[in-house]
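Trainee: Could you take me slowly through one part of this model? I would like a close look at its side-chain pairings.

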Amino acid sequence: MRCARCGSGNLFRGWFRMVPRCPRCGLHFERDEGYWTGALAMNFVLTGGLFAVVFVALVAATAPNVPVGPLLAVLVPITVLAPVVGYPVSKTLWVAVDQTFLSRL
């Protein structure tokens with residue numbers, strides 16, 4: 001959760017509100033409307049990946065008698081909490097990916 005250009009922190013005011021520019025180097029984060037669609041996709045992929053890994057591990061550990069109730073008790077909180085926890089991470093990761101591709105142009 002640091003700036004992709006200078007490594008400065010303090011990019012968020014609260015958990016869901018990102019500052020418009022980096023406080024140190026002035027990098028403007030949202031360039032165009034729809035810019036954060038990539039961050040949304042990254043958050044979706046990270047959540048889905050975590051869900052898949054935990055699901056496969058739990059099913060493999062409990063097969064052949066998979067207990068559905070405990071499985072859901074673990075997987076439902078993952079689907080609810082992982083996007084919330086991953087929100088700032090996905091936004092800063094998306095800025096880093098964007099900056100990497102911009103620097104190569």
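How many salt bridges does the count come to by the rule?

Mentor: This is a predicted model, in which local features need pLDDT of at least 70 and side-chain atom pairs count only at pLDDT 80 or more, while totals for chains, interfaces and linings use all residues. Residues are numbered from 1 along each chain as its sequence is written, and side-chain values use heavy atoms, with hydrogens and water left out. The count comes to one salt bridge, a term that stands for a side-chain nitrogen of Lys or Arg within 4 Å of a carboxyl oxygen of Asp or Glu. Its partners are Asp98 and Arg31, whose side chains meet at 3.5 Å, N to O. The pair joins distant parts of the chain, 67 residues apart, since Asp98 belongs to helix H2 (residues 68-103) and Arg31 to the segment before helix H1 (37-62); helices here are DSSP runs of H or I with at least four residues, numbered from the N terminus. Asp98 is buried, with a relative accessible area of 11%, whereas Arg31, at 42%, is partly exposed; buried means under 20% relative accessible area, exposed over 50%, and partly exposed in between, with a 1.4 Å probe and protein chains only.

Turning to the cysteines, a search of the whole structure finds zero disulfides, a disulfide being a pair of cysteine sulfur atoms within 2.5 Å. Cys6 is in no disulfide, and the nearest cysteine sulfur, that of Cys22, is 3.6 Å away. Cys6 is partly exposed at 26% relative accessibility, while Cys22 is buried, with a relative accessible area of 4%.

How values were computed:
Helices (H or I, at least four residues) and strands (E, at least two) are DSSP runs, numbered from the N terminus.
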